[in-house]
Amino acid sequence: LKLLSFALSLVSLAALAHAHVGSPDIFLEGKAGPYQLFVTVRPPLTIPGVAEIEVRSESPGVLNIKAVPLAITGVGSKLAPIPDSLKVSPRDPQFFTGALWLMTAGSWQARLTVQGAQGEGTLSIPIPSVARASKRMTWGLGLVLSVVGIFLMTGLIAIIGAASREAKLDPGQLPSHANLRSGRKATLIGALIVLAVVSGGNAWWNAEARDYDQRIYKPLKMAASLNGSNLLLQMSEPGWMQAITLQQVAYRVFTRKMDDLVPDHGHIMHLYVIRQPGLDVVYHLHPEQRENGSFVLPLPSMPAGHYKLYADIVHADGFPETMVTEIDLPTVTSRPLAGDDASVSTQPWQQSSSTNSLFTLPDGYKMEWLRGNKPLRANEAMSFNFRLGTLRVWVVTCMRCSTRFRRPFRGFSGPIRPQWRVWEPPLTFFRVETCGRRGFPSVRTPVSSNCGLRRRAFQRPEHAVALQSQFARCFFVFLGFGVRLRPCRRRVRGLLGSACRERRARWR
Amino acid sequence: MASIPAQPSDFPSSVSQSRTQAAEQTAAIPWYIWCATLAVTSATVGGYWDISWHSSIGRDTFWTPAHLAIQLCGILAGIAFGYLILHTTFSKNSPLAPASVHIFGFRAPMGAFIASWGGIAMLTSAPFDNWWHDAYGIDVKIVSPPHILLIMGVYAVVIGTLVLLAGHMNRSQSPSHTAERHLILYINGIMLVQIMILLMDSTSRPYLHTINPYLAVAALPPIVLALSSRLTGFPFAATAVAAFYTLFRIGLIWVLPLFPAEPKLGPVYQKVTHFIPPDFPLLFIVPAFLLDLLWQRTKSWNPWKIAAVSSVIWTSAFVAVEWPFASFLMTPSSRNWFFGTDYLYYALPPTSFMARHAFYPIGPASVVALGFLAALLIGTLTFRWGLTRGEWLGAIKR
């Protein structure tokens with residue numbers, strides 16, 4: 001979400017395109033001792049489940065990388081299971097892949113231990129582990145299991161009938177009419193028993209499915225109201241990972257509370273207020289916690305409109321959440337922005353042409369989107385090519401996952417260098433690769449490995465993403481991507497990975 | 001549905017029939033019964049090994065030794081019973097043809113069909129379980145629908161073996177059937193050990209001062225004990241079956257920790273350096289011994305009366321010995337290699353009752369009283385069912 005605000009705040013809306021993102025994947029660039037790593041973690045759809053991990057070493061000499069999943073806090077963070085060695089790619093000795101078993105919901109980390117020519121180093125990647133959906137049975141498997149199931153049912157009924165009809169007969173003796181009658185009666189009773197068992201099994205299956213549905217992630221709810229020029233935010237629990245029964249209290253290692261929020265970058269809550277539908281007014285504000293689950297914010301002067309509110313919080317165990325709500329605001333005439341607050345206004349995105357590929361930036365530069373003829377498709381890796389002005393063109397690599405660029409987002413100040421890294425500066429084009437399915441892989445990462453064709457239920461066509469870019473006239477090129485639609489919030493959260501206090505401490 | 005032979009000519013001639021009978025008078029236990037016995041033994045060992053694997057290492061694959069042992073059950077059962085069904089159906093000179101039943105156009109002894117049903121159920125549970133993991137996560141509990149299908153399949157193989165053996169014994173003209181009866185006793189022991197896998201969660205140590213385990217043990221073990229007593233006719237059959245279960249479980253406590261193991265999954269809440277065995281066995285042996293004494297003296301009673309008295313003895317004696325013994329198991333004195341109460345599953349939260357060596361609250365007295373009444377009622381029904389099935393097995397010829 002910070003990235004969203006960052007993107008929007010920088011926008012003067014040079015170009016607009018729609019791609020399909022909506023991925024929960026986690027990207028992080030960091031140092032494991034002397035080794036610079038770019039890590040991608042793809043959490044599983046279900047918990048317990050197996051996450052995929054890919055590590056690209058940007059430093060030479062890495063011989064072995066071991067990965068182990070650990071809880072971020074508590075006893076589970078101290079006792080580690082045996083780590084797994086990641087498998088090195090036969091084609092690329094600096095690319096490693098492996099699996100992480102996430103057995104419970106909660107705040108996890110993948111701890112990487114790197115061994116190489118320059119010694120050993122470690123790096124931790126925070127992973128919010130939540131079940132996101134359940135998987136439906138495929139038609140083919142359903143058919144096969146149904147056929148076998150019917151065979152088993154009829155077979156069992158036939159066995160019961162035969163047992164009553166023939167089992168006690170002497171060898172060679174033919175069943176009498178009484179035996180046959182007894183067999184038919186047993187068959188009927190057997191059929192009733194089997195049907196009762198199958199019905200009971202079906203009810204049990206449904207109960208298990210309902211129980212699992214209760215464990216599918218539901219973010220905290222938030223209601224917004226206006227009291228004068230004060231914005232009131234009230235959080236509420238939708239009923240996810242609550243410890244109610246005695247057994248849950250004793251055995252559930254992760255429960256969600258509302259009274260355990262910890263500051264993240266100096267604030268309990270970061271609120272992004274974005275006017276709809278134009279995305280033309282963006283505020284980054286910091287409500288104060290009044291009591292557990294209740295926040296208040298004296299609004300700054302704001303234009304009237306319908307706003308979407310995205311509130312970022314972090315629990316004590318490092319588990320991050322983004323709450324979303326909406327509110328209609330009148331024109332607010334109040335205080336100016338203060339402290340870390342920030343805002344930006346720009347042109348509504350609808351006023352941009354969806355066919356025009358040449359745009360004038362605020363600083364007067366021209367930017368051309370080299371659109372090409374290839375249609376934009378959801379769930380497919382795409383390359384967006386841009387030409388800036390007519391003279392200098394850059395090749396940049398998307399490093400959007402890097403947490404280091406989070407700091408500038410807060411105050412819209414400071415260097416923004418990590419977001420796009422200059423790859424080969426004095427070339428004809430700068431090239432930004434984005435991946436509709438997986439996020440934004442490094443140019444140097446093979447697209448095929450980072451943007452595999454595996455579908456995820458999390459992604460739906462409505463998770464459209466507005467790509468908005470702006471280029472400043474300086475030596476570096478800045479480009480921001482804005483995620484407009486709500487279902488994408490977890491992905492963005494994952495990308496930014498704001499959960500981990502440990503990581504925060506490291507950045508600081 | 002089964003096709004019934006309409007004419008006597010559908011059966012082999014009386015010559016071959018008499019040859020069969022003559023052969024069975026002198027023949028030892030046939031190879032397919034030994035094969036099936038090995039299969040159920042393999043599944044039982046594999047099942048407990050797998051549970052220990054999940055408690056100690058956590059992560060598994062299709063090819064873990066424990067899984068292979070379970071799969072060996074399917075392979076051996078497939079060989080034994082598949083051969084039996086195909087040979088009896090298609091061979092003109094099959095000695096078992098007169099002693100077969102007819103299902104779906106196939107002929108074979110009754111037990112072969114039951115065990116084959118179990119094999120197909122076991123096979124079906126594999127893709128079902130795989131899908132279950134994809135849909136609802138990798139389950140870490142014993143009782144889930146696909147696991148129950150697998151357990152039902154294994155039980156069907158055990159029951160099929162028992163039926164096959166009972167049929168063989170009843171057709172045999174041997175006066176004593178000593179080998180058969182001992183083998184029946186062994187398979188009943190295996191069955192009780194397997195049943196306790198199903199009841200492992202509900203009879204775990206922290207529950208032993210609640211009504212749950214006493215309801216659970218009234219539901220299934222009485223069937224096995226009553227059946228083994230009626231079928232074998234041994235005076236202490238139930239005691240022997242309970243002793244087998246006790247020794248098997250104690251053996252696991254003594255043997256499994258000798259082998260090193262470390263968790264390969266997180267979160268790890270308990271330090272584990274070796275394989276974790278199951279809980280100390282429940283003290284079935286005391287009520288089983290009392291039941292044997294009862295059954296020796298009540299052969300002429302009405303079966304319902306036997307079942308009702310058996311249920312009272314079973315439940316009251318079991319509560320009388322297990323309740324105080326459970327208290328002992330929660331004390332530091334039991335945390336040693338013999339009782340093994342300090343062997344804890346690697347992912348057991350420190351807040352859990354098991355890790356704290358504490359009992360669940362017993363619950364309201366009215367609930368407990370009703371629970372014990374329910375246990376008596378359930379026990380009566382299950383003892384009656386076990387006695388009936390024992391008599392039925394003693395009479396089957398096919």
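**A walk through a two-chain model**

Pro48(A) sits in the loop of chain A that runs between β3 (35-42) and β4 (49-57). This is a predicted model, so treat each value here as computed from it. The peptide bond leading from Ile47(A) into Pro48(A) is cis, with omega near 0 degrees.

Further along chain A there is another loop to look at. Pro277(A) is found between β13 (270-276) and β14 (281-285), and a cis peptide bond, with omega about -5 degrees, joins Gln276(A) to Pro277(A). The loop between β13 and β14 of chain A also holds Leu279(A). Leu279(A) has a phi near 55 degrees, a positive value in a residue that is not glycine.

Now let's move to where the chains meet. Chain A and chain B bury about 5,500 Å² between them, and 72% of that area is on carbon and sulfur atoms. Chain A gives 58 residues to the contact, while chain B gives 67 residues. Four salt bridges are found across the interface of chain A and chain B.

Within chain B, helix packing is the next stop. Helix α9 (residues 237-255) and helix α10 (residues 285-297) of chain B have axes that come within 7 Å and cross at roughly 165 degrees. Angles over 145 degrees count as roughly antiparallel, and α9(B) and α10(B) are therefore roughly antiparallel to each other. Their crossing is right-handed. On the α9(B) side, the contact is made by Ala237(B), Ala238(B), Thr239(B), Ala242(B), Ala243(B) and Thr246(B), and on the α10(B) side by Ile285(B), Ala288(B), Phe289(B), Asp292(B) and Trp295(B). Sorted by class, this contact of α9(B) with α10(B) has eight nonpolar, two polar and one charged residues.

Helix α10(B) has a contact with α8(B) as well. The axes of helix α8 (residues 221-232) of chain B and α10(B) come within 11 Å, crossing at roughly 40 degrees. That angle makes α8(B) oblique to α10(B), and the crossing of this pair is right-handed. Here Leu225(B), Ala226(B) and Ser229(B) of α8(B) meet Ala288(B), Leu291(B), Asp292(B) and Trp295(B) of α10(B). The residues in this contact of α8(B) with α10(B) comprise five nonpolar, one polar and one charged. Trp295(B) is one of the α10(B) residues that touch α9(B), and Trp295(B) also meets α8(B).

Key
Residues are numbered from 1 along each chain as its sequence is written. Chains are lettered from A and ligands numbered from 1 in the order in which they are written. This is a predicted model: local features need pLDDT of at least 70, side-chain atom pairs count only at pLDDT 80 or more; totals for chains, interfaces and linings use all residues. Side-chain values use heavy atoms; hydrogens and water are left out. Axes are lines fitted to C-alpha atoms, for helices over the stretch in contact, and angles run from 0 to 180 degrees between N-to-C directions. Helices (H or I, at least four residues) and strands (E, at least two) are DSSP runs, numbered from the N terminus. Angles under 35 degrees count as roughly parallel, over 145 as roughly antiparallel, 65 to 115 as roughly perpendicular and the rest as oblique. A crossing is left-handed if the near helix is turned anticlockwise from the far one by less than a right angle, and right-handed if clockwise. Contact means heavy atoms within 4.5 Å. Ala, Val, Leu, Ile, Met, Phe, Trp, Tyr, Cys and Pro count as nonpolar, Asp, Glu, Lys and Arg as charged, and the others, Gly among them, as polar. Buried area is the accessible area (1.4 Å probe) that two parts lose on being put together, summed over both. A salt bridge is a side-chain nitrogen of Lys or Arg within 4 Å of a carboxyl oxygen of Asp or Glu.
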